[in-house]
Amino acid sequence: MTTTTVTPYRSAQSAGRDGFWSVLRAEWTKFRTLRGWLLAALVAAALMAVLPVYLAAAAHGGSVESCTATGCQIEGSSVAVGPGGVAVLDSFYLVHQSLSGNGSITAKVTAPTGMGLLPKPKPGSPILPKTQPWAKAGIIIKTSTAAGSAYAAVMLTGSHGVRMQYDYTHDVAGPGGKAAPLWLRLTRSGPSLTGYESADGTHWTKIGTATLPDLPATVQGGMFVASPAAQVVNESFGGGDNMGVFPTAATAAFSHLRLAGGWSAAAWTGSRIGGAIVSPDSPPVARPGGHSLVHVCKTCGGTVPEGYRQTPAGFDVEGSGDIAPFVPIVDAVQVSLDGILFGLIAMISLGALYITAEYRRGMIRTTLAASPHRSRVLAAKAIVIGLVCFAAGLIGAAIAFPILEDKLQAGGWTGPAWPHWSLTSGIGLQVVIGTAAIVGLSGILALAAGVITRRSSGAVAAVIGLVIVPLILGIVLPPRVADVILAITPAAAFSLQRALPRYTQVSNACAPYHGCFPLAPWTGLAVMCAWAVLGLGLASYLLRRRDA
Amino acid sequence: MTALSTSGRRAAGAPLTAPRRPQIVTSVHAEWTKLRTSPGNVWLALAAVVLTIAVSTLASEVVKCPATCGADTTKLSLTGILLGQAAMAGLAIGMISPEYSTGMIKVTLAAMPRRSVMLTAKAIVVSAVVAAIGIVSVLGSLLAGRLIQPHHGFTAAHGFAALSLAHGPTLRAAAGSVLYLLLVALLSLGLAVALREPAVAATVVLGLMYVLPLLALVSLSRVWQHRIERWTPMEAGLSIQATRNLAKLAIAPWPGLGVLAAWTAAALIIGYLLLRLRDA
């Protein structure tokens with residue numbers, strides 16, 4: 001600190017705000033003029049552009065979800081296009097008649113009861129609940145019996161209580177607190193459908209209202225039961241995992257059926273909505289006892305019961321399938337974008353070197369003599385390395401994304417669940433800017449680790465340990481532990497690379513390595529930002545405390 | 001630098017024909033002294049043991065049998081090696097890279113001009129240290145698994161015996177894990193000699209260690225998954241830990257460790273050749 005004794009006249013001029021800009025300019029000059037550093041950043045950007053495309057080109061659509069010896073992939077065969085072009089599952093058993101104009105339907109419904117896993121799993125497989133959490137039994141009003149048509153329904157579920165759902169993506173929870181069986185009512189008035197629940201059939205509570213603008217005058221309404229396929233993952237922690245998709249079925253009793261308004265007053269008709277329930281499928285076989293069907297899955301050696309039976313009080317209905325948005329298990333975009341990791345670790349080492357090289361060569365003493373405000377130096381360095389890393393990530397991801405999208409489409413990742421996202425679509429921007437943000441924040445973390453450890457190898461190891469190792473632990477440890485690790489470490493930000501939507505009303509056996517992260521995209525980014533801020537805070541404190 | 005100065009004094013004071021300790025012995029002594037006295041190494045060794053056993057214990061604690069009875073209990077109890085290997089690599093890189101940063105390498109090579117002896121001495125010292133750390137970590141991890149796993153359903157009723165070194169495959173996995181750590185450390189040493197810059201060496205080693213396996217785990221191409229599992233050093237090497245479903249492995253345990261050994265030999269040879277060819 002000899003500078004203050006030499007220049008006593010300086011006080012007349014205020015250092016003011018441009019002090020920071022000159023520090024920033026100095027730090028940028030240091031980065032720019034160091035031989036090979038810009039080149040290293042460009043090489044990292046090129047790696048981030050090339051490897052994701054290569055991974056996407058090697059990915060074959062459908063190689064993960066298919067019919068294996070242990071279970072049939074039933075979802076792919078019955079994916080329909082719902083309102084607004086969303087990929088949906090619309091596969092269930094419906095006992096219905098037509099409704100012209102306005103009217104309402106009321107019924108007392110028991111909670112759906114599962115009929116076990118069909119076929120029976122091999123011994124040693126995980127034990128699943130007999131009733132699927134999202135098994136559904138309730139009343140529905142639907143444009144037509146065509147798969148993917150608009151609808152609104154109130155229902156009891158396996159373990160998520162009373163819900164009102166409409167047009168596949170909308171899900172409203174009932175007030176709750178009442179035990180099944182419950183009374184449910186659905187009222188149509190023009191385009192709006194209102195759902196109610198009641199514990200006794202006299203005191204009604206409104207659940208929600210759906211507006212379906214394209215609902216025709218004559219619609220189909222009635223009782224339905226659905227039970228989503230169970231996704232069974234046999235994790236063996238070392239021996240790899242194998243996944244089977246098993247059809248399930250549920251049954252529910254409907255009583256005290258009351259219709260009001262323009263119902264056709266014809267006999268009830270039982271229909272299977274949606275395509276084949278098991279694939280490969282054989283034609284449904286009639287069961288003795290009337291209006292019942294059995295679907296036979298030849299390859300899995302099981303049968304799925306469906307149908308309805310009149311009882312003194314009303315109807316018993318058995319059904320299989322689901323009415324929900326369809327989300328593929330594997331997010332091919334996210335998985336392909338793991339190709340940025342090599343470029344990312346290159347930028348991490350650059351971020352660490354940006355400060356540790358100064359310590360090694362003693363340059364840090366010159367830097368701190370020139371601008372004694374140490375936090376200001378650190379802030380300038382963080383801005384420079386953060387922006388350089390962000391730019392490298394942005395260039396890499398922006399080049400990679402459109403090409404990898406083309407490769408995925410060409411590789412069979414097509415259909416309603418896989419729209420062709422352009423670079424400027426919401427998903428494209430989220431994925432590309434998110435990737436750039438991950439690289440930028442990793443660079444800042446590496447800088448902070450470099451100040452804290454003052455050793456480049458230690459800093460690189462610390463940041464790779466925080467950003468990339470959690471991804472591996474997320475694979476080798478069971479999902480609930482993986483979810484905790486991936487929610488609290490900076491690796492949470494990788495959720496930004498997910499392209500597929502997420503819905504709470506769909507249970508998906510989706511693990512982090514399939515592209516499912518516990519946190520929502522921008523929440524994940526916030527976690528990584530918090531780490532960067534903490535890291536810089538600690539680095540700033542140590543930089544001020546310690547001798548250079 | 002006690003070893004260097006003693007041998008220097010002896011060389012000056014004694015006739016040239018006097019019996020001297022072999023070069024390799026003095027070099028090993030010197031390297032051991034450097035390793036022992038550089039700051040942080042003791043902590044790194046302690047951290048390696050604690051981290052390995054902690055992660056192994058966590059893995060044994062969270063995997064339970066009625067949910068996942070397909071678990072390979074031996075491999076599960078050795079999960080911590082995944083993290084411990086990074087500390088081993090750090091120790092090995094720390095043997096050589098900082099010498100280039102500080103200029104210490106010039107002193108080392110002035111005292112021991114024969115590159116092959118210097119590199120061999122470093123390899124011997126790092127092997128001994130890593131073997132000691134590895135044995136403690138592996139035994140601790142197995143002990144944790146043996147104590148914890150029976151409480152989580154891995155019992156005789158489900159067809160699981162308590163982990164024991166008397167069980168052939170478990171003994172192979174345990175001894176193989178120590179050898180794995182040894183080979184990882186030597187691979188890191190070879191790469192560190194070749195790359196010099198510690199940040200670059202750490203990045204390359206950790207990339208091999210974590211990014212390549214990650215790409216295999218997430219890859220949507222079964223062909224590439226198989227290739228990576230078969231031919232990359234860490235993935236192939238870790239197949240030594242498998243005790244169940246051996247037929248499903250991309251490469252059998254010992255050949256897998258052989259792949260890692262081949263990578264290690266290549267890295268050491270390249271490191272040695274560059275050490276000979278380049279100025280320090």
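Predicted model: local features only at pLDDT ≥ 70, side-chain atom pairs only at ≥ 80, totals over all residues.
Biologist: What makes the 177 residues a nonpolar core?

Modeller: A nonpolar core is a set of buried residues of the listed nonpolar kinds, joined through C-beta atoms within 7 Å. The 177 residues form the largest such set, in which Val460(A), Val463(A), Ile464(A) and Ala185(B) touch the most other members. Helix 8 (residues 168-195) of chain B gives the largest share of this core, 17 residues.

Biologist: Which residues does Ala185(B) touch?

Modeller: Leaving out residues up to four places away in sequence, Ala185(B) touches Met88(B), Ala89(B), Leu91(B), Ala92(B), Val126(B) and Val130(B). Another core, of 60 residues, lies apart from the largest one and includes Leu89(A) and Phe326(A).

Biologist: How do you know that chain B is in contact with chain A?

Modeller: Two residues are in contact if their C-beta atoms lie within 7 Å. On that basis 45 residues of chain B are in contact with 45 residues of chain A. Helix 9 of chain B supplies the largest share of the chain B side, 15 residues. By class, that side has 28 nonpolar, twelve polar and five charged residues.

Biologist: Why are strand 9 and strand 10 of chain A said to pair?

Modeller: Pairing requires at least two bridges between the strands. Strand 9 (residues 192-198) and strand 10 (residues 205-211) of chain A have six bridges, in the antiparallel sense, and therefore count as paired. Tyr196(A) stands opposite Lys206(A) in strand 10 of chain A.

Biologist: What lies between strand 9 and strand 10 of chain A in the hairpin?

Modeller: Six residues lie between them, and Gly201(A) in the turn has a positive phi of about 85°.

Terms used
Residues numbered from 1 in each chain as written. Chains lettered and ligands numbered in written order. Buried ≥ 20, exposed ≤ 12 C-beta atoms within 10 Å, placed from the backbone. Helix = DSSP H or I, 4+ residues; strand = E, 2+ residues; numbered from the N terminus. Nonpolar A, V, L, I, M, F, W, Y, C, P; charged D, E, K, R; others polar.
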